[in-house]
Amino acid sequence: MKRLLIAAYIGLGILWSWGEALGQPQPSDFFMEQFVFGLLGGFVGGPTVELIYVTTLCREAPNPELCHGLGFAAMQIAVYTITLPAGASAGIILAGAWRGIRSDLLDWLSTYVFAMVGSWTGWLNAVGIVKVSELLMENLGWDLNVTAIYTVTRVSLPILYAALFGTVGFNSVAQPSLKPSMSALTWRLPLFTVRF
């Protein structure tokens, strides 16, 4: 009989702790919020930083068009490797922290690596779309504006992929918080107060 009671207590303890773990906010509960914050961070860290830097650098250049073209070409490696993934990762991590998701330096690094892979995947897809557009223009005679297609895809796809991959990476390593992110409402209503 004692063994049955001990087994029942252990079983209840396991079920109790499992129920509390399920009640905690999971990182994946806030996937869309993290994704949107990652999009915003990627936009600020990617094309915004690139535009500000190149515009500032080429302000005094004798040939501004050539300077802008060379500046954007030279900045692509730095933007898609450093600033865009860092911005997307910061947005994702801030959204998780806002919702009470625990993360540490290793989780941040993993999120950054996933966002960097997403950034380069998006850039390679943008280049592929431009190549297909050029092929359609040459072989089928389609009249497409390749410059506009390249600009739109080069800006949007790396941000989209960095935010998506970074969010997946963050949700695969981050842990739920041990305490609830928003405290429960408490009410106090003293029945009487005595003063001396």
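This note goes through the helix packing and a few individual residues of a predicted model.

1. Overall make-up. The protein has five helices and zero strands, and its elements run α-α-α-α-α from the N terminus on. Of its 196 residues, 31% count as buried. Among contacts between residues at least 6 apart in sequence, 83% join residues at least 24 apart.

2. Helix α3 against helix α5. Helix α3 covers residues 64-98 and helix α5 covers residues 146-173; their axes come within 9 Å and cross at roughly 40 degrees. The two helices are therefore oblique to each other, an angle under 35 degrees being what would count as roughly parallel. The crossing of α3 and α5 is right-handed.

3. Residues between α3 and α5. On the α3 side the contact is made by F72, Q76, Y80, L84, A88, I92, I93 and G96. These meet Y150, R154, P158, I159, A162, A163, G166, T167 and F170 of α5. Sorted by class, the contact of α3 with α5 holds twelve nonpolar, four polar and one charged residues.

4. Helix α3 against helix α4. Helix α4 spans residues 105-140, and α3 packs with it at an angle of about 130 degrees, the axes being 8 Å apart. That angle makes α3 oblique to α4. The crossing of α3 and α4 is right-handed.

5. Residues between α3 and α4. From α3, the contact draws on Q76, I77, Y80, T81, I82, L84, P85, A86, A88, S89, I92 and I93. From α4, the residues are W108, T111, Y112, A115, M116, S119, W120 and W123. The contact of α3 with α4 divides into 15 nonpolar, five polar and no charged residues.

6. Aromatic pairs. Five aromatic pairs are found in a search of the whole structure. One of them joins Y80 and W120 in an edge-to-face arrangement, with 5.8 Å from centre to centre and 65 degrees between the planes. Y80 lies in helix α3 and W120 in helix α4, so this pair ties together parts that are 40 residues apart in sequence. Y80, W120 and W123 form one aromatic cluster.

7. Y80 has a relative accessibility of 3% and so counts as buried. W120, at 25% relative accessibility, counts as partly exposed. Y80 is listed in the contact of α3 with α5 and also in the contact of α3 with α4.

8. Q34. This residue lies in helix α2, which runs over residues 31-57. Q34 has 0% relative accessibility and therefore counts as buried. The C-alpha atoms of Q34 and I93 are separated by 7.5 Å, although the two residues are 59 apart along the chain. I93 is among the α3 residues that meet α5, and I93 is likewise among those in the contact with α4.

9. T153. Helix α5 contains T153. T153 has a relative accessible area of 11% and is buried, since the limit for that class is under 20%. Leaving aside residues up to four places away in sequence, T153 touches A126, I129, V130 and P158. P158 is one of the α5 residues that meet α3.

Terms used. Residues numbered from 1 in each chain as written. Predicted model: local features only at pLDDT ≥ 70, side-chain atom pairs only at ≥ 80, totals over all residues. Heavy atoms only, no water. Axes fitted to C-alpha atoms, helices over the stretch in contact; angles between N-to-C directions. Helix = DSSP H or I, 4+ residues; strand = E, 2+ residues; numbered from the N terminus. Parallel < 35°, antiparallel > 145°, perpendicular 65-115°, else oblique. Left-handed = near helix turned anticlockwise from the far one by under 90°. Contact = heavy atoms within 4.5 Å. Nonpolar A, V, L, I, M, F, W, Y, C, P; charged D, E, K, R; others polar. Buried < 20%, exposed > 50% of the residue type's maximum accessible area, 1.4 Å probe, protein only. Phe/Tyr/Trp six-rings, centres within 6.5 Å; stacked < 30°, edge-to-face > 60°.
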